[in-house]
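I am opening a notebook page for this structure and will set down what I look up, entry by entry. Each entry keeps to one topic.

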Amino acid sequence: MPLLSLLTFLPLLGALIILAMPKEKTKTIQTVGLLVSGLSLLVSVVVLFGYDKNLAGMQYMEDFLWIGNLNVHYLLGIDGLSLPLVVLTTLLTFLALIASMGINHRVKEYWFWFLVLEVGMLGVFEALDFFLFYVFWELTLVPMYFLIGVWGGPKKEYAATKFFLYTLFGSVFMLLAIIALYFGSEPHTFNMLELTAGRDQLLKLGMTFQWLVFIGFYLGFAIKIPLFPFHTWLPLAHVEAPTAVSVILAGVLLKMGGYGLLRVNFPMFPEVTKIFIYPLVIIAFINIVYGALVAMAQKDMKRMVAYSSVNHMGYVVLGMCSLSAAGFNGAVLQMVNHGIITGALFLLVGVVYDRAHTRDIDAFGGLASKVPLYAGIMTLASMASLGLPGLSGFISEFLCFLGAFPVWKVWTIMSVAGVLVTAAFFLRMIQKVFLGPLNEKWANLTDMTTRELCAVVPLCVLMVVLGLYPRLGLDIMNQTMTMLAVLVKGGT
Amino acid sequence: MILLPEIILTVGALVLLTIDFALPRLQRLTVYIAAIFSGLALCAVGLGSGTAFGSFFSASALTNGFSVLILLGSVIAIVMAMADHEVEKHWGSYFALMLFATVGCLLLIKARDFLYAFLAVELISISSFILTGFERKIASSMEGALKYFLVGAFSAAIALYGISLYYAALGTTSFSFPADIGASANGTLYFAALLLIFVSFGFKASIVPFHFWVPDAYESAPTPITAYLSVVPKLATLGAMINVFNLAIPAGDARLSLALAILACLTMTVGNLSAIAQSNLKRLLAYSSIAQAGYMMIGLLSVSQLGMTSILVYGFSYLLMNFGAFACAQWVATKHGSYDISSCDGLSMRHFPHALAFTLFLLSLAGIPPLVGFIGKYLVFSSAIEGKWAWVAVVAVLNSVISVYYYMRIAYRMYFVETKSVVVSAPVLNVFGGYVLSGVIAVLLIGTLFLGIYPNPLLTLVRF
């Protein structure tokens, strides 16, 4: 049974059904959307349980010839790197769709685009053929453009256009790199696994070729992550996007970049990688400290969370720069944790914004007495994000530092400053919003509804579970990460 | 008999002219007659191969491919014209001119001699001048046609001068050359001649800096004619350029290739940058079609199998998506009475299927997968990388990022601007015309989507 295709294209089926429905039937549309994304989540969980943790290579492979004339294959597969991200995607999409039940403007189009977006994201993590990979990669752009542009905030049109152009700018260079790899390989192939296995042959084409192709991919991925100095699209897009879309943006779309670096750049070009990590670790440091400092300066809660993403993705790249299994494990776990935690934070900011119509940190005060449940959950998520031991964020950040420290002592020590700043701005936010005397303006604020709890609570449970028992995630990744580390380090 | 399609079309055109003169009561039938003759000509493509009139014309798999594109284009334009309210009288001559232009295009790609190529270009030009100015009561239509005519006459003179130099250098006007021409005493003369001939091709294919007639002519012509001009003569000219490059130029001549590469980059960049500022749908699509010609020229750079097939595949995808975009623009304009971009405001809320189709055509033009435009762009970029023209490929991909900006500006109007009512100055589309246009859009959309996801039939057809 082709489980990967099933879980990827169920949402597409749903999207087509929704397209065929009259737009007045919003309840049915929502039901169909939830049903297909729920089924997709279910299938991904089945895949998760069927996955053999003791193997490092690809599992659940599916291979059909797609465009014979160009040797393009429909080739899917997952390993310890992609499986956690696939499950994260199906989970976050399902929860984000629950949170989207409150959207009542142009419901049909919203659900249609959201489900198409899910297809693209899942495909990116599963595709092992570069052509297919690129198609899925671009498939995420258009739905996101419409989701931000129609349902976003005051500057939505500008944010949507900037997002589209910025990401496209990166991905077209990736396309050129893909074409160059195709012609560089003998026989010509788009197969990622064959290209990785035959990388010695690519080495014969000279270091200039290697560097150019590496940079082409790097541009595509670094913009997505986003790494300094390509991060400027992120705050705008995250802030202007509607809540559920911000969840997906931060939770999944950024991971596509990190995934790409680990899947393509590192194993295929180990020689370049070994040199490139020198600037890359500095970029990671800038992401960590600069992201944290800018987050601290924000008055808008959503902007603060957005910039904290820049900071957290810095940890991911720092972990990668170690070129060790521990660092890679930390990086992938951090990607998953960041998806869970930041997803929850965006949902929570959305909750208060729906009621108060402001996200200004200074506008609140003493909310803990009024909305205790909300305050509790928000504090939990913030603590997880700032890396409190016992919650999931701590483990992965620790692993990233642990992996990076033996190689990059100075940069790692300096990066720890980022953790302090992160703690500072989250604590300040908690203090200003929830503690102190109640701002009478919000005396009528209501606590979270069942629907909002349904979206957030699963994420909170995961924060605690993964915090207490991280092996749940690490066991899946470990074999693949160990192999990856050997691939990068052992490269001739 | 390789000239059978041309003969069929000429007969058709003469029949149409006769109807115009002698049987005005059959006016309504002319569109069907034109469509039937074009269809017959389409069936006759590829019935023979070899040469005709000595070796002045020659047919091959490549010319057959382009012939199919040209005839498909003219069929689509004829069907689109059914919905064109503006040409109530003289339907016969309208379609006859279209068929004559198509004959010119078919002859152009089969010509193996510069004099015959020149005659073919003139046949296209003279027919299109008249078609552009067909709405003769509208002053702007006359202006566009006149500009087109003056520039066209000028380019014809340059072409003739180039051909005379070519004759002086080689003693013949046919597409053939002695292998050592580049080094011989006549080498400079020979290259000067080819450059001048290319200038005249450049006018026809709207290559920068010979593109200034395009926006005015495209804006003033009836929309089916605009769509026709933006696709069919352009593809025919590019096909002819492939022939010249294959047969009349020493393989991979560095000077000419570099000149062509620079022109291609200029064409893309100027076309795209100019399109950004446009607020009229037809002008915007006119500049976009200039940029598209630039992408296709990249295929000429590497004189390889991949380069030629990439032009053919791109040409086919361009046929689908550009006609689609123009059909959508025509549909919008006839619903709302204006080609101003503001008539798209909130279209998705009033006519979701049409808005979605328009968006998909624009995304395809921008080269976003999984639409057919991506396959064309992919092959063109591949040919550039394969032929070591990486910097041209970089310019091209940057251009496709720029193009997304203005293509999405239309989508932005359709989806993001939420107006309940748009000022309808003159809802001019009759019910029948609306169905026809929607049908054209639907067929083109299916092609765009299907061949984007599963391009195998197309790639097999061009024997890639």
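**Backbone exceptions**

I began with the loops, and found P370(B) in the loop between α14 (352-366) and α15 of chain B. The peptide bond that joins P369(B) and P370(B) is cis, with omega about 0°. I note that this is a predicted model, so I read the geometry here as the predictor's and not as an experimental result.

I then turned to chain A, where the peptide bond from E186(A) to P187(A) is also cis, with omega near 0°. P187(A) has its place in the loop between α7 (156-184) and α8 (192-197) of chain A.

I also looked up R106(A), which is not a glycine and yet has a positive phi of about 50°. This residue lies in the loop between α3 and α4 (107-126) of chain A. I recorded these sites because most residues other than glycine have a negative phi, and most peptide bonds are trans.

**Confidence in chain A**

Within chain A the lowest confidence falls in helix α9 (residues 199-203), at a mean of 81, and the highest in helix α5 (residues 130-139), at 93.

**Domains of chain A**

I took the domain assignment next, which gives domain 1 (1-268) and domain 2 (270-492) for chain A. The centres of these two domains of chain A, taken over C-alpha atoms, are separated by 22 Å. Their contact takes 45 residues from domain 1 of chain A and 51 residues from domain 2 of chain A.

I asked myself which helices of chain A each supply at least two residues of the side of domain 1 that touches domain 2. They are α3 (82-99), α9, α10 (207-224), α11 (233-240) and α12 (243-268) of chain A, and the largest share, 14 residues, comes from α12(A). By class, I find 30 nonpolar, eleven polar and four charged residues on this side of domain 1 of chain A. I keep in mind that α9 of chain A, listed among these helices, is also where confidence in chain A is lowest.

**Domains of chain B**

I repeated the look-up for chain B, which is divided into domain 1 (1-249) and domain 2 (251-464). Here 22 Å separate the centres of domain 1 and domain 2 of chain B, again taken over C-alpha atoms, and 38 residues of domain 1 of chain B are in contact with 42 residues of domain 2 of chain B.

On the side of domain 1 of chain B that touches domain 2 of chain B, α3, α7 (187-204), α8 (214-220) and α9 (223-247) of chain B each supply at least two residues. I note α9(B) as the source of the largest share of that side, with twelve residues. The classes on this side of domain 1 of chain B are 26 nonpolar, ten polar and two charged residues.

**Two helix pairs**

I went on to single pairs, since two packed helices are described by the angle between their axes and the distance between the axes.

In chain A, helix α15 (residues 325-356) and helix α18 (residues 392-404) pack at an angle of about 155°, with their axes 8 Å apart. The two helices α15(A) and α18(A) are therefore roughly antiparallel to each other, and their crossing is left-handed. Among the residues that make the contact are L333(A), I340(A) and I341(A) of α15(A), and I395(A), L399(A) and L402(A) of α18(A). The contact of α15(A) with α18(A) holds ten nonpolar, nine polar and one charged residues.

In chain B, helix α3 (residues 61-81) and helix α4 (residues 91-110) pack at an angle of about 170°, with their axes 9 Å apart. I therefore list α3(B) and α4(B) as roughly antiparallel to each other, with a crossing that is right-handed. The contact includes F66(B), I70(B) and L71(B) of α3(B), and F95(B), M98(B) and L106(B) of α4(B). Its residues divide into ten nonpolar, four polar and one charged.

**Between the chains**

My last entry concerns the contact of the two chains, which takes 24 residues from chain B and 23 residues from chain A. On the side of chain B that touches chain A, α15 (372-386), α16 (390-415) and α18 (456-461) of chain B each supply at least two residues. The most comes from α16(B), with ten residues. I count the classes on that side of chain B as 19 nonpolar, four polar and one charged.

Methods: Residues are numbered from 1 along each chain as its sequence is written. Chains are lettered from A and ligands numbered from 1 in the order in which they are written. This is a predicted model: local features need pLDDT of at least 70, side-chain atom pairs count only at pLDDT 80 or more; totals for chains, interfaces and linings use all residues. Axes are lines fitted to C-alpha atoms, for helices over the stretch in contact, and angles run from 0 to 180 degrees between N-to-C directions. Helices (H or I, at least four residues) and strands (E, at least two) are DSSP runs, numbered from the N terminus. Angles under 35 degrees count as roughly parallel, over 145 as roughly antiparallel, 65 to 115 as roughly perpendicular and the rest as oblique. A crossing is left-handed if the near helix is turned anticlockwise from the far one by less than a right angle, and right-handed if clockwise. Two residues are in contact if their C-beta atoms, placed from the backbone, lie within 7 Å. Ala, Val, Leu, Ile, Met, Phe, Trp, Tyr, Cys and Pro count as nonpolar, Asp, Glu, Lys and Arg as charged, and the others, Gly among them, as polar. pLDDT is the predictor's confidence in each residue, from 0 to 100. Domain bounds come from an automatic or database domain assignment.
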